Amino acid sequence: MITKSVQISLLCFMSLLSAFSTEAVPAVTDLKLWYQQPATLWEEALPLGNGRLGAMVYGHPSNETIQLNENTFWAGGPHNNINTEALSSLPKIRSLIATGDYAAAEDLATKTITSLGANGMPYQSAGHLHLDFATHTNYRNYYRDLDIASAVASTSYQVGDVIYNREVFTSLTDQVLVVKLTASKPGQLSFNAYLSHPAKAAFSRKNANTVLMQLQSGDHEGIKGQVQLASLLQVQNSGGSLSQNDHKIEVKNADSVLLFVSMATNFVNYQDISANALERAQEYLTKAQQQFRQHPYQARKTAHSTLYKNYFDRVTLDLGKGEFSAEPTDQRIRLFAQRHDPQLASLYFQFGRYLLISSSQPGGQPANLQGLWNHRQDPPWDSKYTLNINAQMNYWPAEVTQLTELHQPFIQMIKELAVTGQQSAKSMYGARGWMAHHNTDIWRITGGVDHSWGSWPTSNAWLSQHLWQKYLYNGDKAYLAEVYPVMKAAVQFFEDFLIESPDKQWLLVSPSMSPENAPKAKGTKIAAGVTMDNQLLFDLFSNTIAAATILEEDKNLIPAWQNILSRLPPMQIGKYHQLQEWLQDWDDPQDKHRHLSHLYGLYPSNQISPLRSPELFNAAKVTMEQRGDPSTGWSMNWKINLWARLLDGDRAFKLMRDQIKPALTADGKISESGGTYPNMFDAHPPFQIDGNFGFTSGLAEMLAQSHDGAVHLLPALPQEWPSGAVTGLMMRGGFVLDMSWQNGQVCKLKIHSRLGGNLRLRSHSPLPQVTTFTVHKATDATENPNPFYQQAQIKTPLKHTNKTLPQLSLNNSYLVDVSTEAGRDYMWSCKK
Ligand code: FUC
């Protein structure tokens, strides 16, 4: 008789074979978004990007449209938007807040902190590529897809007895958009190709097979548009003939055609636009031409995909197949909430990684509100960078899903803000260091924007977390030394900016707000000492002290920083047993505001823990229940991460169900309740990319966490995914995790230690015995000796309720320590 444990072992063994053999990597078809009809809306078109160039492919047989972006094509030019009236009104704003005249304080702040001029420049579309096939109106056997395993989009259809194929990619290696057109019979490709732009553009003939489109970016709010865009369209035909008519290139009876679109601007950096756009575009085109002349098309396509895969293949995820993998993606999105389709959740996870690889390449601009993809001249919120959640969320998956190089553009932006932000620190607040308000753009503006929403001065502290967290994953001291001055200068700003509360002598950020939320009790946003600011400053000061200690810098400054740290207000548990959002207990249990700012302490930070602060952990849960699930876009996806940190996988999965629902109504209109567009873009609405990235990080948090003293395996596994496998998740301290599980229990585990050091593992089932290395039982009473797992001690929370809630216990989890060597693998397997 086979005992239950033997059965489990057998199951584990079988799943292992599949989990780590090559078959475990989902078949290529699992990593495709595919459709049976062309896109009519932009939100149905398929995104391609190489960080710099973006393309949205509609896949229409008779009038193909590929909407284009170049990520430095923004309105305006170098400037900052500082309102220097802030400095003189600051004492008054502060005293109005202190005396409770919030309406007057907010009014004055809006007038004197918010920019009197520009509110940030819009990111603008680079126009369209059109391919008009007049006779292809009557087609059949239509198919289009985006293969996120190779970063290539394809369209095929049949007209008469000819099958037509199109492949499109934005080459990572050759820096041009490439379109390859083929037909199943010779001489069948006849069409017009041309570029267009909604703004005024100049078109000219470059040579027999190349046209040029040139234009200047838009003027906006008094800032002259100074970015020049040059776009070259080149058509290379095999067979048939080419002719130019106006700015169109006409192809007749070709066998196959290769098209390139090369785009470039004069943008060098946020303060320098002295490059020659046309020379650059021509240079990219010449190089691409040479490459494609010397190598077959297939080889150049492979070169692009290989570079892409270098990032993408680092993480694989298998949550089980389900029976719906073979259905078109839009249909699967429509039905996801009603059925068991785990593979769509893993596709959505990987799509987030695809989007980050495609929109954030080293040396380029960070992913903005829409990543890289925007078809408007005047997009929602200018498609810029909102620094009170959205821009940060874009980078939540970067480290944990091993896309660390792609974090670089964001780190670079923070370094640049640390330069422009010195102006706002000094001339608005008379402080040293740097600061920015809740928005920036390609020009790295740091002034306040958007009326009363703008007077939040704490984005420097949040942005600095990215500098430090990256170090916790890579352990690279040279990198830490490079970013430390930016952290230190953010600290300096608060050394000068904080004020003392008259009653408790706490140090407060004032004026400020809990981003974008106005408590019902007072009706205005402006406030002092809000919970999120206190949490952000706790992290900023703790991490900067830790960095200074590691780097042996600024020993003499550390005591003053420690003193500030000790005087920040503690977190508070309010009268409803909720985590208080403000210094005062203003919370309304009916408040459903989309921002969850005070839960920053739970995720992305690690100040609220079931082990170290169980009461706060419970209070955070109460707050999450009060805020409720209904939400859209980034807010809903933040909740996935938060429920994962609350160790509730089923609730996190419930939010995933809410996310993967159609964002278009049955009659094709954009629904107001968020969800997922047919092309898998997230709907705020409108499209905002942060939600996609939040989903990806949230799913990773459900499978493994590394913020609370240990690598925690399957901390929030939903019942929906009883078995599965993941490879390549990155844990703090440089541990790369491959794992498979069966019946909710870890079955095989491989940890690759990049940096060495103690590996503390927490699991909810015992790990199999090992013989090749030593495993020690550990307890939560002793701190993990690994320095990347050291945790700053938060203050005891203040409690304004007598209610006691049952605490979540982790006593039934298994905790072990392994002393690891850098470069070695540690494997557990339930094979025998
Ligand atoms: C923040 C959010 C909005 C929107 C905007 C871009 O201000 O509150 O919902 O996402 O950023």
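Predicted model: local features only at pLDDT ≥ 70, side-chain atom pairs only at ≥ 80, totals over all residues.
Student: Start with α5 and α7. At what angle do they pack?
Tutor: About 125°, with the axes 10 Å apart. Helix α5 is residues 297–312 and helix α7 is residues 342–359. Axes here are lines fitted to C-alpha atoms, for helices over the stretch in contact, and angles run from 0 to 180 degrees between N-to-C directions. Helices are DSSP runs (H or I, at least four residues) and strands likewise (E, at least two), numbered from the N terminus.

Student: Oblique or roughly antiparallel?
Tutor: α5 and α7 are oblique to each other. The classes are: under 35 degrees roughly parallel, over 145 roughly antiparallel, 65 to 115 roughly perpendicular, and the rest oblique.

Student: Which hand is the crossing of α5 and α7?
Tutor: α5 passes α7 in a right-handed crossing. Right-handed applies if the near helix is turned clockwise from the far one by less than a right angle, and left-handed if anticlockwise.

Student: Which residues meet there?
Tutor: From α5, Y308, Y311 and F312; from α7, Q350, R353, Y354 and I357. By class, that contact has five nonpolar, one polar and one charged residues. Contact means heavy atoms within 4.5 Å. Ala, Val, Leu, Ile, Met, Phe, Trp, Tyr, Cys and Pro count as nonpolar, Asp, Glu, Lys and Arg as charged, and the others, Gly among them, as polar.

Student: What about α7 and α18, how do they cross?
Tutor: At roughly 125°, and their axes come within 8 Å. Helix α18 is residues 690–703. The pair is oblique, and the crossing is left-handed. On the α7 side the contact includes A345, Y348, F349 and R353; on the α18 side, F693, F695 and L699 are among the residues. The contact of α7 with α18 divides into ten nonpolar, four polar and one charged.

Student: And α11 with α12?
Tutor: Helix α11 (residues 459–474) packs on α12 at about 155°, axes 10 Å apart. That angle makes α11 roughly antiparallel to α12. The crossing is left-handed. Among the residues that meet are L467, W468 and Y471 in α11, and L480, V483 and F494 in α12. Their contact has twelve nonpolar, four polar and two charged residues.

Student: Q492, which helix is that in?
Tutor: Q492 is in helix α12, residues 477–497. Leaving aside its neighbours within four places in sequence, Q492 is in contact with R432 and G433.

Student: How far apart are Q492 and H438?
Tutor: They are 54 residues apart in sequence and 19 Å apart in space, C-alpha to C-alpha.

Student: Switching to α10. Where does α10 bend?
Tutor: At T420, by about 40°. The bend is the angle between axes fitted to the seven residues ending there and the seven starting there. Just after α10, G430 takes a positive phi of about 60°.

Student: Which non-glycine has a positive phi?
Tutor: E221, at about 45°. E221 sits in the loop between β12 (210–216) and β13 (228–238).

Student: Where are cis peptide bonds found?
Tutor: One runs from Y603 to P604, with omega near 10°. P604 lies in the loop between β22 (572–573) and α15 (614–627). Another joins H684 and P685, with omega about -15°. P685 is in the loop between β24 (682–683) and α18.

Conventions:
Residues numbered from 1 in each chain as written. Heavy atoms only, no water.
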